[in-house]
Amino acid sequence: MSNINRRVPDVDQYIPLNDPPIGSAFPADIFPQNTKLPKLFQPITLRGVTFKNRIWVSPMCQYSSDNGHATDWHFVHIGGFATRGVGAICMEATAVVPEGRISPEDAGLWTDSQMEPLKRIVNFAHSQGTLIGVQLAHAGRKASTLAPWVHSSFGGTRRATTWTSKEDEGGWPNGVYAPSEVAFSPDYPTPKAMDDAYLQYVEDAFVKTVERCKEIGFDFIELHGAHGYLLHEFVSPLSNLRTDQYGGSLENRLRWPLRVISRCREAWSKPLFVRISATDWAEGPEKGPDGEWKQWGIEQSKIFLEEMQNLGVDLVDCSTGGNWVKQKITVGPGYQVPFAEELKKAYPEFPIGAVGMITEPEQAESYLQDGKADVVFLARELLRNPHWPLFAARKLGAAVKPANQYERAFADLLVPKSA
Ligand SMILES: Cc1cc2nc3c(=O)[nH]c(=O)nc-3n(C[C@H](O)[C@H](O)[C@H](O)COP(=O)(O)O)c2cc1C
């Protein structure tokens, strides 16, 4: 056996090879403690792509892009996850057209110059053996708003009078589009209703962006159909008041989002995910006594999921809310998991991601063990502790590979123990 420090092949600089990849379980014949491997560390294969574990980075806007271009902030932020053992990274909501950004500093992929900085990030993630995808989005009526820390300070010492980002603040409040001319709240821009030409333009923009994703080398794409952004606005009766073929009945409300999904599916051969909000959390029932759908909810989500399954979507990432300003959410550990579970019960074979206040390894593991979801997406907990996968391995008694360079900090994970 040679003592050469092996390098990652086909990379333009020396990067030590991790074998097995960071965040994957060591073989059980050498590490008997892995004989009964926690589900979190069991690989999952979707559309022929094997994800090394089931701890995935949830998409997180950084409000740090330079005219839609990723910067060194993104390289370090995303690179940090790539070196710390997550099974996949979903990069933040990335706009397919400039007016589809949430804030002026949001990420975009509407033009070719935005590819280069993303390629650098993707190549680095790959050099660390980590799969990486991107969430493609259009913010709809929630576009042209202020970055959260610009809007208000956490201490409450400063608060803007509105969420709307005006022209002299980099915003485009008169160029905001949605299914109907209904603002999210008086604090938000009043959108223009999308006409046929604009619908076609956005649909085509999604496809063009998918083509750029191919060139960049992303491993998967997630379409943002949640949190009150454009696709969610179409499916929900609270934000879609159209009277044409794209509004009214559930079939009509699903029509355009399904067309976008279908076109992206046709253009993209790798795994395709969709994030949905499984409820609007508005007052009253999902369906009224008159048989009309009153708000978006789990029953319509199931029908939506079935349609997506028919189109060849590979996973639904189940979130909630964001489309109704007076939403009342009972927040607590795993508060959105019951929705993932409902979808899983309805379609046991269909892969589902759970998200929302999943912070403890035992908690995350129980959702997978109980069949409530197939993978977990973590957001804030990974910001607090990017090493979470290795901490989870330690807590659950699994032997999992840290980065070569960090092995001395996780020496206990490298010791074979009896099962
Ligand atoms: C800083 C930050 C940015 C976020 N940006 C996005 C985003 O771009 N797309 C999205 O679907 N969700 C976004 N979210 C929501 C998270 O992906 C996640 O669903 C939510 O925070 C709940 O998970 P958690 O309790 O693990 O943080 C964001 C959350 C945070 C904290």
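Axes here are lines fitted to C-alpha atoms, for helices over the stretch in contact, and angles run from 0 to 180 degrees between N-to-C directions. Helices (H or I, at least four residues) and strands (E, at least two) are DSSP runs, numbered from the N terminus. The model is predicted: local features need pLDDT of at least 70, side-chain atom pairs count only at pLDDT 80 or more, and totals for chains, interfaces and linings use all residues. Residue numbers start from 1 along each chain as its sequence is written.

**Stop 1: α7 and α8**

Select helix α7 (residues 298-311) and helix α8 (residues 337-346). Their axes come within 10 Å and cross at roughly 50 degrees. The two helices are therefore oblique to each other (under 35 degrees counts as roughly parallel, over 145 as roughly antiparallel, 65 to 115 as roughly perpendicular, the rest as oblique).

Now show side chains. I298, S301, K302 and L305 of α7 meet F339, E342, L343 and A346 of α8; contact means C-beta atoms, placed from the backbone, within 7 Å. By class, this α7/α8 contact has five nonpolar residues, one polar and two charged. Ala, Val, Leu, Ile, Met, Phe, Trp, Tyr, Cys and Pro count as nonpolar, Asp, Glu, Lys and Arg as charged, and the others, Gly among them, as polar.

An α-helix has 3.6 residues a turn, so residues three or four places apart point the same way.

**Stop 2: α1 and α2**

Move to helix α1 (residues 72-82) and helix α2 (residues 115-127). Here the axes come within 9 Å and cross at roughly 20 degrees. That makes α1 roughly parallel to α2. This crossing is right-handed. From α1, select H74, F75, I78, G79 and A82; from α2, R120, I121, F124 and A125 complete the contact. Six of the α1/α2 contact residues are nonpolar, two polar and one charged.

**Stop 3: α11**

Go to helix α11 (residues 388-396). Its buried residues are W388, P389, L390, A392 and A393 (buried: 20 or more other C-beta atoms within 10 Å of the residue's own, all placed from the backbone). Their cover includes β3 (55-57), α9 (361-369), β13 (375-378) and α10. Just after α11, G397 takes a positive phi of about 75 degrees.

Terms used:
Buried ≥ 20, exposed ≤ 12 C-beta atoms within 10 Å, placed from the backbone. Contact = placed C-beta atoms within 7 Å. Left-handed = near helix turned anticlockwise from the far one by under 90°.
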